[in-house]
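Trainee: I would like a close look at a single part of this model. Take me through it, then on to the parts around it.

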Amino acid sequence: MKLIVNADDLGYSPHRDRGIFQAFQEGIVTSASLIVNGASGEQAAKQAIDMGLEIGLHLNLTEGKPLTNVPSLTNIQGTMHYKMKFLHHPVRKEDVQRETIAQLERFKELTGSYPHHVDGHQHAHIAPKIPEIIAPVLQRYGVRSTRIPDQDLEQLKWIEDDVRERYELRYIYAVKARLIYVRHGIRAPPCFIGVGLCGTQMTPLRIKESLKGAYGTIEMMVHPGHSSMGEEAGCGVHDDFDIDEGRKHECMVLCSIDLNQFEMTTWNKFST
(Lines give C-alpha, C1' and ligand atoms only; values in the text may rest on other atoms or scores of the structure.)
Protein backbone atom coordinates (compact mmCIF):
# COMPACT_ATOMS: atom_id res chain seq x y z
CA MET A 1 0.00 0.00 0.00
CA LYS A 2 1.04 3.58 -0.67
CA LEU A 3 0.54 6.44 1.77
CA ILE A 4 0.32 10.18 1.12
CA VAL A 5 0.67 12.16 4.34
CA ASN A 6 -0.65 15.62 3.50
CA ALA A 7 -0.16 18.55 5.88
CA ASP A 8 -2.93 21.12 5.55
CA ASP A 9 -2.69 24.90 6.03
CA LEU A 10 0.86 25.60 4.90
CA GLY A 11 1.11 29.38 4.71
CA TYR A 12 -1.53 29.98 7.36
CA SER A 13 1.00 31.24 9.92
CA PRO A 14 4.76 30.95 10.56
CA HIS A 15 4.33 28.63 13.55
CA ARG A 16 2.16 26.23 11.56
CA ASP A 17 4.73 26.25 8.77
CA ARG A 18 7.54 25.34 11.17
CA GLY A 19 5.67 22.24 12.31
CA ILE A 20 4.93 21.15 8.74
CA PHE A 21 8.53 21.59 7.66
CA GLN A 22 9.79 19.68 10.70
CA ALA A 23 7.43 16.76 9.97
CA PHE A 24 8.61 16.79 6.35
CA GLN A 25 12.26 16.73 7.37
CA GLU A 26 11.51 13.86 9.73
CA GLY A 27 10.24 11.88 6.74
CA ILE A 28 6.55 11.53 7.63
CA VAL A 29 4.86 14.41 5.75
CA THR A 30 5.14 13.82 2.00
CA SER A 31 3.03 16.72 0.67
CA ALA A 32 1.41 19.92 1.87
CA SER A 33 -1.48 22.17 0.81
CA LEU A 34 -0.70 25.88 0.54
CA ILE A 35 -3.09 28.68 1.51
CA VAL A 36 -2.01 31.38 -0.92
CA ASN A 37 -3.86 34.15 0.94
CA GLY A 38 -2.50 33.07 4.31
CA ALA A 39 -0.36 35.31 6.50
CA SER A 40 2.85 33.46 5.57
CA GLY A 41 1.86 32.10 2.16
CA GLU A 42 4.63 33.74 0.15
CA GLN A 43 7.47 32.75 2.48
CA ALA A 44 6.08 29.25 2.99
CA ALA A 45 5.93 28.63 -0.76
CA LYS A 46 9.55 29.72 -1.18
CA GLN A 47 10.76 27.56 1.69
CA ALA A 48 8.82 24.53 0.47
CA ILE A 49 10.43 24.84 -2.96
CA ASP A 50 13.89 25.24 -1.42
CA MET A 51 13.35 22.15 0.77
CA GLY A 52 11.83 20.01 -1.98
CA LEU A 53 8.42 19.68 -0.30
CA GLU A 54 5.71 19.01 -2.88
CA ILE A 55 2.79 21.40 -2.48
CA GLY A 56 -0.72 21.74 -3.85
CA LEU A 57 -3.36 24.43 -3.41
CA HIS A 58 -5.46 24.55 -0.24
CA LEU A 59 -8.37 26.41 -1.84
CA ASN A 60 -9.64 28.87 0.77
CA LEU A 61 -13.26 29.96 0.42
CA THR A 62 -14.07 30.12 4.13
CA GLU A 63 -11.59 32.17 6.13
CA GLY A 64 -9.89 35.55 6.06
CA LYS A 65 -10.00 37.96 3.15
CA PRO A 66 -10.41 36.74 -0.44
CA LEU A 67 -8.12 37.82 -3.26
CA THR A 68 -11.03 39.21 -5.28
CA ASN A 69 -14.29 41.08 -4.87
CA VAL A 70 -16.76 38.26 -4.13
CA PRO A 71 -19.76 39.67 -2.22
CA SER A 72 -21.61 36.37 -1.79
CA LEU A 73 -18.58 34.85 -0.07
CA THR A 74 -17.96 37.68 2.39
CA ASN A 75 -19.60 39.47 5.30
CA ILE A 76 -19.87 43.19 5.99
CA GLN A 77 -16.30 43.21 7.34
CA GLY A 78 -15.01 41.81 4.04
CA THR A 79 -13.98 38.45 5.44
CA MET A 80 -15.25 35.13 4.16
CA HIS A 81 -18.04 33.20 5.85
CA TYR A 82 -16.44 30.79 8.29
CA LYS A 83 -16.87 27.02 8.02
CA MET A 84 -20.47 26.04 8.91
CA LYS A 85 -21.84 29.43 7.90
CA PHE A 86 -20.28 28.97 4.46
CA LEU A 87 -21.90 25.55 4.25
CA HIS A 88 -25.40 27.04 4.59
CA HIS A 89 -24.88 30.43 2.96
CA PRO A 90 -26.01 30.92 -0.67
CA VAL A 91 -23.09 31.74 -2.95
CA ARG A 92 -22.93 32.94 -6.53
CA LYS A 93 -21.28 30.69 -9.10
CA GLU A 94 -19.39 33.65 -10.56
CA ASP A 95 -17.93 34.59 -7.17
CA VAL A 96 -16.73 31.07 -6.43
CA GLN A 97 -15.15 30.70 -9.85
CA ARG A 98 -13.52 34.15 -9.71
CA GLU A 99 -11.88 33.48 -6.35
CA THR A 100 -10.83 29.97 -7.37
CA ILE A 101 -9.13 31.28 -10.50
CA ALA A 102 -7.43 34.05 -8.52
CA GLN A 103 -5.99 31.54 -6.06
CA LEU A 104 -4.80 29.27 -8.88
CA GLU A 105 -3.07 32.26 -10.47
CA ARG A 106 -1.57 33.31 -7.15
CA PHE A 107 -0.24 29.79 -6.66
CA LYS A 108 1.53 30.07 -10.01
CA GLU A 109 2.98 33.46 -9.03
CA LEU A 110 4.41 31.94 -5.84
CA THR A 111 5.65 28.63 -7.23
CA GLY A 112 6.16 29.07 -10.97
CA SER A 113 3.45 26.63 -12.04
CA TYR A 114 -0.21 25.82 -11.53
CA PRO A 115 -1.00 23.14 -8.93
CA HIS A 116 -1.57 19.56 -9.96
CA HIS A 117 -3.40 18.94 -6.67
CA VAL A 118 -6.16 21.03 -5.09
CA ASP A 119 -8.13 20.40 -1.91
CA GLY A 120 -10.33 22.70 0.14
CA HIS A 121 -9.64 24.54 3.38
CA GLN A 122 -12.24 23.18 5.85
CA HIS A 123 -13.33 20.84 3.02
CA ALA A 124 -15.06 23.67 1.16
CA HIS A 125 -14.38 21.91 -2.15
CA ILE A 126 -16.97 19.20 -1.35
CA ALA A 127 -19.67 21.48 0.09
CA PRO A 128 -23.05 21.26 -1.70
CA LYS A 129 -22.94 22.76 -5.23
CA ILE A 130 -19.25 23.71 -4.98
CA PRO A 131 -17.84 20.68 -6.90
CA GLU A 132 -20.12 21.42 -9.87
CA ILE A 133 -18.88 25.02 -9.88
CA ILE A 134 -15.14 24.51 -9.53
CA ALA A 135 -14.47 21.11 -11.16
CA PRO A 136 -14.56 22.51 -14.73
CA VAL A 137 -12.22 25.33 -13.65
CA LEU A 138 -9.76 22.94 -12.02
CA GLN A 139 -9.83 20.69 -15.08
CA ARG A 140 -9.07 23.65 -17.34
CA TYR A 141 -6.05 24.54 -15.21
CA GLY A 142 -4.63 21.02 -15.33
CA VAL A 143 -5.49 19.86 -11.82
CA ARG A 144 -5.23 16.07 -11.63
CA SER A 145 -6.01 15.15 -8.02
CA THR A 146 -8.09 16.21 -5.05
CA ARG A 147 -9.11 15.01 -1.61
CA ILE A 148 -12.31 13.09 -0.96
CA PRO A 149 -12.83 12.76 2.84
CA ASP A 150 -15.14 9.75 2.70
CA GLN A 151 -13.58 7.86 5.58
CA ASP A 152 -15.36 4.85 7.06
CA LEU A 153 -16.08 5.87 10.66
CA GLU A 154 -17.00 2.40 11.93
CA GLN A 155 -13.69 1.64 13.66
CA LEU A 156 -13.29 5.10 15.21
CA LYS A 157 -14.82 4.27 18.59
CA TRP A 158 -13.34 7.32 20.34
CA ILE A 159 -15.32 9.91 18.35
CA GLU A 160 -18.15 11.61 20.23
CA ASP A 161 -21.70 11.18 18.92
CA ASP A 162 -22.27 14.78 17.85
CA VAL A 163 -18.96 14.84 15.98
CA ARG A 164 -19.74 11.51 14.35
CA GLU A 165 -23.07 12.85 13.14
CA ARG A 166 -21.38 15.85 11.54
CA TYR A 167 -18.79 13.66 9.83
CA GLU A 168 -21.46 11.31 8.55
CA LEU A 169 -23.18 14.24 6.85
CA ARG A 170 -19.87 15.23 5.27
CA TYR A 171 -19.46 11.66 4.05
CA ILE A 172 -22.57 12.09 1.88
CA TYR A 173 -21.19 15.29 0.39
CA ALA A 174 -17.85 13.58 -0.23
CA VAL A 175 -19.31 10.62 -2.11
CA LYS A 176 -21.25 12.95 -4.41
CA ALA A 177 -18.19 15.13 -4.92
CA ARG A 178 -16.00 12.16 -5.91
CA LEU A 179 -18.33 11.38 -8.82
CA ILE A 180 -18.27 14.99 -10.04
CA TYR A 181 -14.51 15.37 -9.88
CA VAL A 182 -13.78 12.07 -11.59
CA ARG A 183 -16.02 13.11 -14.49
CA HIS A 184 -13.63 16.02 -14.95
CA GLY A 185 -10.52 13.85 -14.86
CA ILE A 186 -9.64 14.70 -11.26
CA ARG A 187 -8.85 11.64 -9.17
CA ALA A 188 -8.65 10.98 -5.44
CA PRO A 189 -7.14 8.04 -3.55
CA PRO A 190 -9.63 5.27 -2.78
CA CYS A 191 -8.98 5.58 0.95
CA PHE A 192 -8.79 8.61 3.25
CA ILE A 193 -7.98 8.89 6.95
CA GLY A 194 -7.70 11.89 9.24
CA VAL A 195 -11.09 12.02 10.95
CA GLY A 196 -10.62 11.62 14.70
CA LEU A 197 -6.89 12.22 14.45
CA CYS A 198 -6.84 15.99 14.89
CA GLY A 199 -4.85 17.55 17.70
CA THR A 200 -4.72 15.62 20.97
CA GLN A 201 -6.98 12.96 19.47
CA MET A 202 -3.99 11.76 17.47
CA THR A 203 -2.11 8.79 18.93
CA PRO A 204 0.00 6.11 17.22
CA LEU A 205 -2.62 3.50 18.15
CA ARG A 206 -5.47 5.52 16.65
CA ILE A 207 -3.53 6.04 13.45
CA LYS A 208 -3.11 2.28 13.18
CA GLU A 209 -6.81 1.73 13.95
CA SER A 210 -7.74 4.22 11.23
CA LEU A 211 -5.58 2.39 8.71
CA LYS A 212 -7.26 -0.97 9.29
CA GLY A 213 -8.99 -2.14 6.14
CA ALA A 214 -7.38 0.56 3.98
CA TYR A 215 -6.10 -0.44 0.55
CA GLY A 216 -4.43 0.94 -2.54
CA THR A 217 -3.24 4.52 -2.17
CA ILE A 218 -4.29 6.19 1.09
CA GLU A 219 -4.32 9.87 1.99
CA MET A 220 -3.70 10.77 5.62
CA MET A 221 -4.71 14.37 6.44
CA VAL A 222 -2.68 16.02 9.23
CA HIS A 223 -2.38 19.49 10.80
CA PRO A 224 1.00 19.76 12.56
CA GLY A 225 2.37 23.00 13.91
CA HIS A 226 4.53 24.62 16.57
CA SER A 227 3.68 26.98 19.43
CA SER A 228 2.80 30.47 18.25
CA MET A 229 5.35 32.28 20.46
CA GLY A 230 3.14 35.38 20.41
CA GLU A 231 2.95 35.56 16.61
CA GLU A 232 -0.13 36.79 14.82
CA ALA A 233 -2.73 34.21 13.83
CA GLY A 234 -2.98 33.49 10.14
CA CYS A 235 -5.37 34.63 7.43
CA GLY A 236 -5.92 37.95 9.16
CA VAL A 237 -8.21 36.54 11.86
CA HIS A 238 -7.73 35.00 15.30
CA ASP A 239 -8.30 31.29 15.01
CA ASP A 240 -8.22 28.97 18.02
CA PHE A 241 -7.39 25.98 15.82
CA ASP A 242 -4.21 27.69 14.64
CA ILE A 243 -2.82 28.41 18.11
CA ASP A 244 -4.17 25.29 19.86
CA GLU A 245 -1.53 23.09 21.51
CA GLY A 246 -3.02 20.22 19.53
CA ARG A 247 -0.99 21.38 16.54
CA LYS A 248 2.25 20.81 18.48
CA HIS A 249 0.93 17.46 19.74
CA GLU A 250 0.29 16.31 16.18
CA CYS A 251 3.79 17.31 15.17
CA MET A 252 5.29 15.32 18.05
CA VAL A 253 3.24 12.20 17.28
CA LEU A 254 3.97 12.37 13.57
CA CYS A 255 7.69 12.75 14.13
CA SER A 256 7.75 9.70 16.40
CA ILE A 257 5.54 7.21 14.57
CA ASP A 258 6.91 4.38 12.43
CA LEU A 259 4.97 3.83 9.19
CA ASN A 260 7.65 1.93 7.31
CA GLN A 261 5.15 -0.77 6.34
CA PHE A 262 3.84 1.70 3.78
CA GLU A 263 5.42 3.06 0.64
CA MET A 264 5.40 6.81 1.21
CA THR A 265 4.33 8.71 -1.88
CA THR A 266 3.17 12.12 -3.13
CA TRP A 267 0.29 13.58 -5.11
CA ASN A 268 2.33 13.91 -8.29
CA LYS A 269 3.26 10.24 -8.23
CA PHE A 270 -0.36 9.29 -7.51
CA SER A 271 -1.81 11.30 -10.37
CA THR A 272 0.63 10.30 -13.12
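Which helices and strand do the buried residues of H9 pack against?

Mentor: Keep in mind that this is a predicted model. The partners of the buried H9 residues are helix H1 (14-25), helix H7 (204-211), strand S6 (217-222) and helix H8 (240-243). H9 itself spans residues 246-254. Its buried residues are Gly246, Arg247, Glu250, Cys251, Val253 and Leu254. Looking down the axis of H9, these residues fall within an arc of 165 degrees, so they line one face of the helix.

The structure holds zero disulfides. Cys255 is in no disulfide, and its nearest cysteine sulfur, that of Cys251, lies 4.2 Å away. The cut-off for a disulfide is 2.5 Å between the sulfurs. Cys255 is partly exposed, because its relative accessibility is 22%. Then there is Cys198. The cysteine sulfur closest to that of Cys198 is also in Cys251. The separation is 14 Å, which is too far for a bond. Cys198 has a relative accessibility of 27%, so this residue too counts as partly exposed.

Next, a helix pair. Helix H4 covers residues 93-111 and helix H5 covers residues 130-140. Their axes come within 10 Å and cross at roughly 35 degrees. The crossing is right-handed. On the H4 side, the contact is made by Lys93, Val96, Gln97, Thr100, Ile101 and Leu104. H5 contributes Ile130, Ile133, Ile134, Val137, Leu138 and Arg140. By type, the residues of this contact are eight nonpolar, two polar and two charged.

Lys129 sits in the loop between strand S4 (118-120) and H5. Lys129 is not a glycine, yet its phi is positive, at about 75 degrees. At 65% relative accessibility, Lys129 is exposed. H5 is followed by Gly142, which has a positive phi near 85 degrees.

Asp9 is another non-glycine residue with a positive phi, about 75 degrees. Asp9 lies in strand S1 (residues 2-10). Its relative accessible area is 4%, so Asp9 is buried.

Leu67 is in the loop between strand S3 (54-59) and helix H3 (84-88). Its relative accessible area is 39%, so Leu67 counts as partly exposed. Leaving aside neighbours within four places in sequence, Leu67 is in contact with Val36, Asn37, Glu99, Ala102, Gln103 and Arg106. Leu67 and Arg98 are 31 residues apart along the chain. Their C-alpha atoms are separated by 9.2 Å.

Key. Residues numbered from 1 in each chain as written. Predicted model: local features only at pLDDT ≥ 70, side-chain atom pairs only at ≥ 80, totals over all residues. Heavy atoms only, no water. Buried < 20%, exposed > 50% of the residue type's maximum accessible area, 1.4 Å probe, protein only. Helix = DSSP H or I, 4+ residues; strand = E, 2+ residues; numbered from the N terminus. Arc of directions from axis to C-beta. Contact = heavy atoms within 4.5 Å. Axes fitted to C-alpha atoms, helices over the stretch in contact; angles between N-to-C directions. Left-handed = near helix turned anticlockwise from the far one by under 90°. Nonpolar A, V, L, I, M, F, W, Y, C, P; charged D, E, K, R; others polar.
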